[in-house]
Amino acid sequence: MSTRYVLYALSLLAFTSGCKTPSVETRKDLIATVGKHSLYLEQVMNSVGDNVAVSDSAAVVNEFIQQWIREKVLLDKAESTLTPQERDKSALVNQYYNDLLIYEMEQKLLANRLDTSVDIASITEYYENNKKNFELKENIVRLRFFIIPTKMMNHDKLWERFKAGGEKNLNMLSRISELSNSNYFYQDSVWLSFNDVLKEIPINTYNQESYLNNHRLVRLEEKDYSYFVEILDFKVKNNTSPFDFEKDRIKDIIIHKRKVELLQQIEDEIVEEAYRNNKIEKF
């Protein structure tokens, strides 16, 4: 008997110890019954799998058994409550099966034929032709920030270097942040949601638009950290979203449009081939 088998057999003792003991000859490895439904140890083992710590096995197995019992009780109740016509789901099952096969076939053909490369010219053209669809729903910013532990010496000097900018100063600040396991960001061309920034930096404001209009360099002190922030640019909600903020989404839109068109083309080709091969007859 395998270790895995022994593990689950022992785990089930907590569940079965309070139950009526079945006949070994007629109900070997039987764990539970609900009406006509029977649950055996092998089913539990196959469903729970091997990735269960020994200390957790009893709880996991017992939870599976309880869920199985609950499902079967509800199923029996449904069968006794519904009419034969209401219970008959064969048409739905067949339709789901057909849809699933067609979907998997189309995904397989798409994987071989769909071009997912999109050049910047196509993205730019789409943006220019659909600007009305790119209205900002929230405020966004371009910024750089560094989170510096307060235990670091010469904070005023570090702040002056941050304000001065330049690759040398920013690299030095990023190195300090890395060594302190604190966060930083200075990809100047990247737009970020200001709401996401506020999750990282403890800026308290009830009016984001006013704050962005009146702050460029921000130095904050909270708990064990200093926050150096420079707001390089911002766009407030209800204005047109900038191209750089939307280009990845536009690429996804273009690829999705290609996918829909290619799926239609694939289906048309398959039907046309069936006609050519005389697989279709109309009466």
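Which helix gives the most to the nonpolar patch? Helix α6 (residues 90-113) does, with three residues. Helices are DSSP runs of H or I with at least four residues, and strands are runs of E with at least two, numbered from the N terminus.

This is a predicted model: local features need pLDDT of at least 70, side-chain atom pairs count only at pLDDT 80 or more, and totals for chains, interfaces and linings use all residues. Residues are numbered from 1 along each chain as its sequence is written, and side-chain values use heavy atoms, without hydrogens and water.

The patch lies on the surface and is formed by Ile 102, Met 105, Leu 109 and Ile 270. Together they have about 290 Å² of accessible area. Ile 270 lies in helix α12 (residues 243-276). Ile 270 counts as partly exposed because its relative accessibility is 37%. Buried means under 20% relative accessible area, exposed over 50%, and partly exposed in between (1.4 Å probe, protein chains only).

Now turn to helix α9 (residues 167-179). Helix α9 has 13 residues. From first C-alpha to last, α9 reaches 18 Å, close to the 18 Å expected at 1.5 Å a residue. That expected span is 1.5 Å times one less than the number of residues.

In α9, Asn 169, Leu 170, Leu 173, Ser 174, Ile 176 and Ser 177 are buried. They cover an arc of only 155° around the axis, so they sit on the same side of α9. The arc is taken from the directions from the helix axis to the C-beta atoms. On the other side of α9, Glu 167, Lys 168 and Leu 179 are exposed. Just after α9, Asn 181 takes a positive phi of about 60°.

Notes. Patch = residues over 30% accessible without salt bridge, like charges linked within 9 Å, V, L, I, M, F, W, Y side chains within 5 Å. Areas by Shrake-Rupley, 256 points an atom, 1.4 Å probe, with all protein chains shown as cover. Salt bridge = Lys/Arg side-chain N within 4 Å of Asp/Glu carboxyl O.
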